[in-house]
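Please open the model in your viewer and keep the selection panel at hand. The tour below goes from stop to stop, saying at each one what to select and what is there.

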Amino acid sequence: MFLLFRNVVPKRLLQYKRMSVFTSQLNPITGKMEWELQPENYDFQQEVARSAYADMLHDQERNDKYYEGLRRSIADLRRRGQEVHVLDIGTGTGLLSMMAVSCGADTVTACEAFYPMAECARKGIIANGFAGKVHLIPKRSTELEVGPGKDMERKANLLVAEVFDTELIGEGAIETYRHARDFLLTEDALLVPSEGTVYAQVVQSSMLQRWNRLQEVTRVKPGSNEREVLVTVPNSVLECPGAAAVHDLQLSQVPQKWFTPISKPLPVFWFDWSGRRKDIPCDDTTHVNFQPLASGECDAVLMWWDLRMDQDGEVALSCAPYWAHPDTLGRLKSSSEDIPWRDHWMQAVYYLPQPRKVEVEKPLMLVSMHDEYSLWFNIQEDINKEICMDRPVCECGIHIVSSRTRIGQLNDPRRLKTYIRVLEKLITPDSICLTLGDCCLMAIVAAKLGAKHVYMTEGPGTRKVVEDFISVNKLQHKITVLPGDISEVTTDQLIAPVTVVFSEPFFTTTLLPWHSLYCWYMRNSCLHLMADGATILPSSVSIWGLPVQFRDLWKIRAPLHHVNGFNMNIFDKLIEKACEEADDKVEPQPLWEYPAKARGQPVRLLKLDLNTGIPENPVSSTGSVALPDAGIINGLALWVDWHLTIDPEDTLTTGPVEPVVLHENIRWDVYTRQGIYLLREPVNTKNSISSQLFYSTTFQPSDGTVKFDFQIKM
Ligand code: SAH
Ligand code: ZN
């Protein structure tokens, strides 16, 4: 499993080497590393399926505007009296090459660096009857040679390329365009797109900040109105500039009340892809002065970009969120539904290395920087001095080992309130606590609430920062961090047997909510440390499913059939096969970013009692529920509820945080990635009173996996 999920590898930056490959897979539940030697012809199907190709091809605005850009540019060249020789860099399915042929190009050369896609292009071009009309070369553009008998007979006078990601340049566009200008294109070549502009908007947002910086943990002291600090954050964490990786997200789904604009959207970088009017530097810094729109503290920069598809700038494609989108500007009311949806290009948040106080009257300078693949930003008070800054990197360790989702969980008031309430009920001066989890700050809380002693488990990545937490909270005498492998710890290393075992549960390896069942396995390996009748939290877990209609998310897997008149069957088959062969039909998605309507009520699929040992045999549950007249269903959303104790009040959900209302959008926990299971074909149960959802869920104790199967029958 290559982790092609967001924030791990740029989704479309897929590298392929023709050789035997090992794929390593960390089993997130049992915690063991599993290696698998893939055959020489391993075709990275899963990677293709998990990449953003399908949703990119479903992006109709993108397809139409590329087509229009090609049409206009080819007409321009004809007006100049020139022959048209097109180069398509990164042809993918061959789509843009076939468009160029259809617009009347004389020759079209296509290159593709990712071998499985080059194969897909080869077959797709033949299937569409374009064999002989597109010259396909399975190479990176920077390896192409020009000259008689070489890859390209002559330099191209029209370049079409779609080599952009959410950060615009993250897929290597700078090197691709510099090289093309220097070696592959004529002096007067036209480019589709011709230009790109990056916009940045400075904001104040404590909500977004929750994904970036740990905040102190407080509670209302029982019996008084006073707030008391339970966890103080060490300076090493407060002063850390944060994760270097971009935080990409669907900005149109971020409620406007989450942030206060401090600046208008400001154009900060302009790229002339021809590199003739302006060079395409490998790194650059720009300085833009602005008058703050509000006083307060600015802490983040929102970013998006647009492309100019033709030479005159009449055809533009914007990735702006709806409130800044050219299609909705000037309207009194607009919403995310008014602009095209896409997942291959999102928007991004960049956190400032340190928050800055701002005042309305005092002008500020936005400093924007980029290198070959990334952007970063800062704010400066002295608007007369133009400075540059290095790309921020995490110095505290938390941003390296914890995903943004995890940092959000650590700051989530809803979780904290539940954990603290449960610990308040349980902890006594005699309690010997053991916390299982990565960077589990509840160990500090348990000690502050008066436990006799607290033992923690920590991986090597978080050990140092956890020790900083313990010392800044002055709890060295009360908390002991145990060595990595808990099964090797003996009772004589403890002051007394453990009476309370607590797990949040979350681990740095958790991708899907039930991966945190790892806590069960961990606990199983420390039974020898527990006192008789020790309290175990969470005590049980329920896995839930909900039939939904995703507004847009279905596009990441759905067959295309045709795109702008071109047959996409070859590509559809590739995705379908990859999905069939993929070992997991469920993938993690932050569902708050993807609107979905409830088409039923949540169904409890399986409940596991975590107070018992791990069972020897698989645990299965099957059943059905009626879905009368539910409407269109295209998938299921999956999550778990952790029942910390048997008191229903102590349940912590990773799913909907408000009651689910039939046919309404669902409000999800924003600090979890839920699981999604997409149906092969959407089902319309409208007017069917007998429609039923059949489900089957199996927990496999040997490897900790949970398998799902769903069928809807009318
Ligand atoms: N042009 C297709 C696919 C776009 S996805 C379409 O518009 O539908 C971008 C593709 O470009 C990916 O398949 C990636 O592997 C490829 N790519 C990126 N940079 C490249 C380069 N410099 N040379 C060759 N292929 C490249
Ligand atoms: Zn850090």
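Begin by selecting ligand 1 together with the 21 residues around it, among which Tyr53, Arg62, Gly90, Glu112 and Ser141 come nearest; a residue is counted here if one of its heavy atoms lies within 4 Å of the molecule. Before going on, note that this is a predicted model, in which local features need pLDDT of at least 70 and side-chain atom pairs count only at pLDDT 80 or more, whereas totals for chains, interfaces and linings use all residues. Residues are numbered from 1 along each chain as its sequence is written, chains are lettered from A and ligands numbered from 1 in the order in which they are written, and side-chain values use heavy atoms, with hydrogens and water left out.

An N or O atom in the side chain of Glu112 is 2.6 Å from an oxygen atom of ligand 1, while nitrogen atoms of the ligand lie 2.8 Å from a backbone N or O atom of Ser141 and 3.2 Å from one of Ala113. Taken alone, ligand 1 exposes 570 Å², of which the protein buries 98% (Shrake-Rupley method with a 1.4 Å probe; for residues, only the protein chains shown count as cover).

Next, select Glu162, whose side chain makes a polar contact of 2.5 Å with that of Arg62, one of the residues that come nearest to ligand 1. Glu162 is buried, at a relative accessible area of 6% (buried means under 20%, exposed over 50%, partly exposed in between, with a 1.4 Å probe and protein chains only).

Now move to the zinc ion, ligand 2, and select Cys240 (SG), Cys394 (SG), Cys396 (SG) and His399 (ND1), its protein donors, lying 2.1 to 2.4 Å from it; donors are N, O and S atoms within 2.8 Å of the metal (3.2 Å for Na, K and Ca), and water is not among the atoms, so sites may look incomplete. The arrangement is tetrahedral because the four donor atoms subtend angles of 105 to 113°, four donors being so classed if all angles lie between 85 and 135 degrees. Both Cys396 and His399 are buried.

Finally, select Pro618, which is partly exposed at 42% relative accessibility, and Val706, 88 residues apart from Pro618 along the chain, with their C-alpha atoms separated by 9.6 Å.

Key
A polar contact is a pair of N or O atoms within 3.5 Å; within protein, one must be able to donate a hydrogen and the other to accept it, and residues adjacent in sequence count only if both atoms are side-chain atoms. Four donors count as tetrahedral if all angles lie between 85 and 135 degrees; four count as square planar and six as octahedral if opposite donors are over 155 degrees apart and all others between 65 and 115; anything else is irregular.
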